[in-house]
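Subject: Structure handover and notes

Hello,

Here is the structure I said I would pass on. My notes follow below it.

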Amino acid sequence: MSSHHTYEHKTYPVKAEIAQNAHINNEQYLALYQQSIEHPETFWAEQAETILDWQKPWEKVMDYDYTQGKISWFEGGKLNVSVNCLDRHLATRGEQMALLWEGDDPAQDKKMTYRELYQEVCQFANVLKAQGVKKGDRVCIYLPMIIEAAAIILACTRIGAVHSIVFGGFSAEALKDRINDSDCKLVVCADEGYRGGKIIPIKATVDKAIASCPCVQSVIVIKNTANPVAWNAERDVWYQQAMAEAAITCEPEWMDAEEPLFILYTSGSTGKPKGLLHTTGGYLLYAAMTHKYIFDYQDGEIYWCTADIGWITGHTYMIYGPLCNGATTLLFEGVPTYPDASRFWQVVDKHKVNIMYTAPTALRALMAQGDQYLENTDRSSLRVLGSVGEPINPEAWEWYYQQVGKENCPIVDTWWQTETGGILITPLPGATELKPSSATRPFFGVKPAILSNEGQVIDDGSEGVLVLERPWPGQARSIYGDHQRFIDTYFKSYPGYYFTGDGARCDERGYYWITGRVDDVINVSGHRMGTAEVESALDEHPLIAESAVVGYPHDIKGQGIYAFVTLHIGIEGNDALRKELVDLVRADIGPIASPDLIQWAQQLPKTRSGKIMRRILRKVAANEIDSLGDTSTLADPEVVEDIIKNRLNK
Ligand code: ATP
Ligand code: MG
């Protein structure tokens, strides 16, 4: 929409002390970006040689045909992911910590050096082999955030097995669908997990799911809580027992760069989950390179990504990128609000975290609890902060910057998707002047464009559809078992481009502003607008914790704007507050964007990864409550019942 928001004029210059020692400063960014676009093959070949160890060089850097959904990088080259993440570090960093682990219970923590992790990976790779898992077989990983997760993931890569990690909070039904969709031969799980002070059943859920999964031959179970669980001796194997018997070396399987690495189902904000397939060489290169440059990771630093291994962020920026770079990466089992809302900051202080990467949903939840939770922590180890998952509203951005980082830490607002494998649009800490709520500029080799619905290039700064002009190494190669769906979803609507499904605009200095999902766009009297800017305006109000806006049928305007608003803890909504909110949006964006209906909501419906599910709110707003669609990925169904009960359009 418009460009007269007050926050848009705010800029935060690059900090000299960060730019000085950063991997990339602004001149370097500009020069390298230009090279990456003008001579992509040279650029990527150089990066691939520097960043990864190859057993055999590739024959062709890149090849693609978007009409067929065909993308390949470094074809003919051979490498092994676990060798790049472990073996090659042993000589120089064998005794350095690879993993730090912080339990749900603040009294629990663990550590593992590169050498220890290497040994555990080799052992578990031998366990997998003993269970009959071969190169190309699919292994489902359904785990809480325990330290063993990293070794299990890398053990799959050691023998060329393809992992499919399913978030440990998904139901038996959702797990069953995912196991069957990718025909997994084996499941790795735990007896139970801990989360927010509660015990989460894991093995019991697996038992229920695989009752209808004929493909599963065995289940490896990690003893975690050690409470008794049901046991099927024909099928179930204790991890600890199998490991004790396993040899401690395992020759790596050399994989072609284009052979599959993993399958991951998207989080399901918009509908039926898709099993995105990522391959070996390009993905690992892109993961490592983006992790190094975007977080400006420096040797010896402690890096913490708060995501769960079940999401792409947990894959790329908790495991593969950091370990490939020889970093120390922290895994956190718990939640931001347990034992209380100071937990994140306690963890930062305890482990002296230098780089922290989290999601707007967590930041907004913590903000709503009040600043007193920051007070007893110092957070002076922090150097760089990151955000991912949804557009970050300026209010949350400022809080992260001012309160959490005490104005010392650049924020990288990273835009990307499960499909993209790694970050595509983002600031670089030593190079990019920041604007709250803008993901700023494309990463190396990434060429975005904004198109109209008709496919015309938009270059006047107005809002349109975000597409990408050419492949990058981390891009997904297919949807597992349904390549046609891959073509139809991403390459049909705008021929010659990869379609992201997100809306965006690009301002006069080339900064990108993600405006929300295209499916969520609202059309009021012919004016199209994304959800992010209206929500950001509402969120500016000091009593508002979070909001979601959707369009609903309106006799005169075509669509009206329906806002669902969550207030800070302890605040009650009333008509005076409604009016203040309408005035705020009018002043900020214009009368066209002012909400017609405002409903107070205890909570907003979210996916298990914490993203607002506007498609469900759209149904509620239209009073179509009998056809909510697929709700299997919803975190908490009760939230929806509450919203339906209090709906304003009946
Ligand atoms: P599904 O595709 O199944 O509906 P999903 O899109 O939520 O699920 P992900 O791949 O985890 O699954 O999320 C990617 C989406 O998250 C992006 O397309 C975008 O809408 C949003 N997103 C991620 N990071 C950012 C960001 N920094 N700014 C704005 N939006 C973001
Ligand atoms: Mg998506």
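A word on residue classes before the notes: Ala, Val, Leu, Ile, Met, Phe, Trp, Tyr, Cys and Pro count as nonpolar, Asp, Glu, Lys and Arg count as charged, and the others, Gly among them, count as polar. This is a predicted model, in which local features need pLDDT of at least 70 and side-chain atom pairs count only at pLDDT 80 or more, while totals for chains, interfaces and linings use all residues. Residues are numbered from 1 along each chain as its sequence is written, chains are lettered from A and ligands numbered from 1 in the order in which they are written, and side-chain values use heavy atoms, with hydrogens and water left out.

Cavities

The structure holds three cavities of 30 Å³ or more. A cavity here is a set of points, on a 1 Å grid over the protein atoms alone, where a 1.4 Å probe fits but cannot get out; lining residues have an atom within 4 Å of a point. Grid points are joined across faces, edges and corners, and the volume is the space filled by probe spheres set on the points. For the largest cavity the volume is about 50 Å³. Its lining consists of Tyr-12, Pro-13, Val-14 and Lys-15, together with Tyr-401, Pro-410, Pro-429, Thr-432 and Leu-434. By class, seven of these lining residues are nonpolar, one is polar and one is charged.

Annotated positions

The annotations come from an unreviewed UniProt entry. UniProt positions are given in the numbering used here, feature names are shortened, and annotations may be inferred rather than shown by experiment.

The UniProt "binding site" annotation covers His-541 and Ile-544. His-541 sits in the loop between helix H17 (531-539) and strand E28 (544-554), and Ile-544 is in strand E28. Helices (H or I, at least four residues) and strands (E, at least two) are DSSP runs, numbered from the N terminus. Both residues are buried (under 20% relative accessible area, with exposed meaning over 50% and partly exposed in between; 1.4 Å probe, protein chains only). The relative accessible area is 8% for His-541, and the relative accessibility of Ile-544 is 3%. Contact means heavy atoms within 4.5 Å. Leaving aside neighbours within four places in sequence, His-541 is in contact with Leu-577, Glu-580, Leu-581 and Leu-584.

Lys-611 lies in the loop between E30 and helix H19 (614-621) and is buried, with a relative accessible area of 18%. The side chain of Lys-611 reaches the backbone oxygen of Gly-389 at 3.1 Å.

The annotation "domain: Acetyl-coenzyme A synthetase N-terminal" (UniProt, unreviewed entry) covers residues 29-85. Over that range the chain is 47% helix and 25% strand, and the end C-alpha atoms are 26 Å apart. Cys-85 belongs to helix H4 (residues 81-85) and is buried at 0% relative accessibility. Beyond four places in sequence, Cys-85 touches Tyr-114, Leu-154, Leu-284, Tyr-320, Leu-323 and Cys-324.

Lys-435 is in the loop between strand E20 (411-413) and strand E21 (448-451), and counts as buried at 9% relative accessibility.

Two buried polar side chains

Gln-599 is in strand E30 (residues 597-600) and is buried at 1% relative accessible area. What joins the side chains of Gln-599 and Tyr-562? A polar contact of 2.5 Å, where a polar contact is a pair of N or O atoms within 3.5 Å; within protein, one must be able to donate a hydrogen and the other to accept it, and residues adjacent in sequence count only if both atoms are side-chain atoms. Residues that Gln-599 touches, not counting those up to four places away, include Ala-563, Phe-564, Val-565 and Ile-643.

Ser-478 is in strand E23 (residues 478-479) and is buried, with a relative accessible area of 11%. Its side chain makes a polar contact of 2.7 Å with the side chain of His-483. Outside four places in sequence, Ser-478 is in contact with Gly-275, Leu-276, Leu-277, His-483 and Phe-486.

Regards

Notes. 1 Å grid on protein atoms, 1.4 Å probe; cavity = no way out; pocket = protein on both sides within 12 Å on 5 of 7 lines; lining within 4 Å.
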